[in-house]
Amino acid sequence: MPDSNTIITLNNVNKHFGDFQALKNVSLEVTSGERVVICGPSGSGKSTLIRCINQLETHEAGEITVDGVTLSATQNNAHKIKATVGMVFQQFNLFPHLSVIDNLTLGPRRVLGLSEEAAKARAMTYLERVQIPDQADKLPRQLSGGQQQRVAIARSLCMEPKILLFDEPTSALDPEMIAEVLDVMTELASSGITMIVVTHEMGFARRVADKMVFMDQGEIIETGTPEQVFTAPKSQRFAHFLEQILNH
Amino acid sequence: MKRLWILIAIACLSGCSDNWGWYVVDPSTKSGASNLRFMISGAYYTILMSVTAILISVVLGLLVALPGLSQRKAWRMFNRTYVEIVRAVPILVLILWVYYGLPQLSGLTLNVFWAGVLALALSDSAFQAEIFRGGIQSISKGQYEAAQSISLNYRDTMRYVILPQAIRRILPALGNQLVYMLKMSSLVSVIGMQELTRKANELVVSEYRPLEIYTILVLEYLVLILIVSAGVRWLERRMQSSEV
């Protein structure tokens, strides 16, 4: 029985891409304000899982409830949760033809109906939060990868979502830029927003996560607190996975 | 470019020989100057018709392209049917059909100008639709997902995210279509439109110097199209400053 604090519930979710089963009976509960890190080998279904939460992918069977809205395989409720869920992508996906400030104000103006001034003020607040207010008038391509990803985070924050999903946010970055993005995410984690992060950054996971989820071949193999899983992983597969990414 | 100028120079120089009679368009004589003015005055309708037609065909093309990108098969079928049928009709045939046929069918009489514009725009819209479809399809899936993740609806996604990028990419192709349109507008002369080609034809009938007059006609189109090319290149450069 989910308690009243539960913001996301996944119940036996299944998803296929052709013959390939990307998600097998996945069940997960996330409470409001919780910070969840999902890890696992590539192709294990981590990205598919979070993409189902904001319905970039539709699931075939099972039930997903996000902030009280039930997304089942048959009814199309996706539009009801869009403003609740923000997403940060591996490839940033900034709008290349728009300046940083226009990237940030587009959603608030067109979707939330803010005036231009209000949207700009909000955008500047979040640009300061990700520490690049001086880049507001530049185009995305004039920024470094790390800066672009921070703009993408600010763009999501401008919609003031309750839940923020991160799909391998540092995987496309040069090593020296990973830290600046993780710092911003760590700061965000202390703000009370619900975060679900797909990442291989185990240092970040250890620092920030309330819950670790390990996936392999479309299934959730193990969940636990960082202390539990880092010191004594229950499953052989998770132990092996941790060994590989921590001792490379 | 250099070779072209040499060719033109030779053509002009040979005006001294018996084969050429440049007097017919010699601006230093009174009749020559008035003949030249007569010919050049056709540029007004050539330009007006081409520009009006391209504006209509771009809008029409976009409206036909969007259903072609739909998930629904019926919409895609509409797109395919329109493109395949319209693309298969020769422009000259379409001009004749719209001018002589359409009034009988619909009771609606179009003057020469609008019949010409409508035929040119219709014919071009099938090509525009394919250009737009290609341009829109070249935008990465990530852009749609980003738009979706900030809750933009379909219309806003197209208007603010996808089309501005797609149009930058298809600009060279759009320029190409404008050049094509300028040339194809010469066909509207057959229904009596007083554009460049019609004027030249009329002058040939009265002066009987087809060689010189049609040479000038060639140069007129050449100048027009070089100007359009330069304009499109300028626009591309200007827009490139905000390309990926």
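Predicted model: local features only at pLDDT ≥ 70, side-chain atom pairs only at ≥ 80, totals over all residues.
**Notebook: chain A, overall and around strand 9**

I began with the surface: chain A exposes about 10600 Å², and carbon and sulfur atoms supply 44% of that.

Next I looked up the fold content and got nine helices and 10 strands for chain A. The radius of gyration came out at 18 Å, close to the 18 Å from the globule rule for 248 residues, so chain A is as compact as a globular protein of that length. For the box around the C-alpha atoms, I have roughly 50 × 45 × 35 Å along the principal axes.

I checked burial too: 56% of the 248 residues in chain A are buried. Of the contacts with a separation of 6 or more, 64% are between residues 24 or more positions apart.

On charges, I have 22 positive and 29 negative side chains in chain A, with the centres of the two sets 4 Å apart.

Then I zoomed in on strand 9 of chain A, residues 211-216, where six of six residues are buried. In a regular strand, side chains alternate between the two faces of the sheet. Here I see Lys211(A), Val213(A) and Met215(A) pointing one way and Met212(A), Phe214(A) and Asp216(A) the other, all of them buried.

Last, the turn: strands 9 and 10 form a hairpin with two residues between them, and I noted a positive phi of about 50° at Gln217(A).

Notes. Residues numbered from 1 in each chain as written. Chains lettered and ligands numbered in written order. Heavy atoms only, no water. Helix = DSSP H or I, 4+ residues; strand = E, 2+ residues; numbered from the N terminus. Rg over C-alpha atoms; globule rule 2.2 N^0.38 Å. Buried < 20%, exposed > 50% of the residue type's maximum accessible area, 1.4 Å probe, protein only. Contact = heavy atoms within 4.5 Å. Areas by Shrake-Rupley, 256 points an atom, 1.4 Å probe, with all protein chains shown as cover. Lys, Arg positive; Asp, Glu negative; His and termini not counted. Charge placed at Lys NZ, Arg CZ, Asp CG, Glu CD. Pairing = 2+ DSSP bridges.
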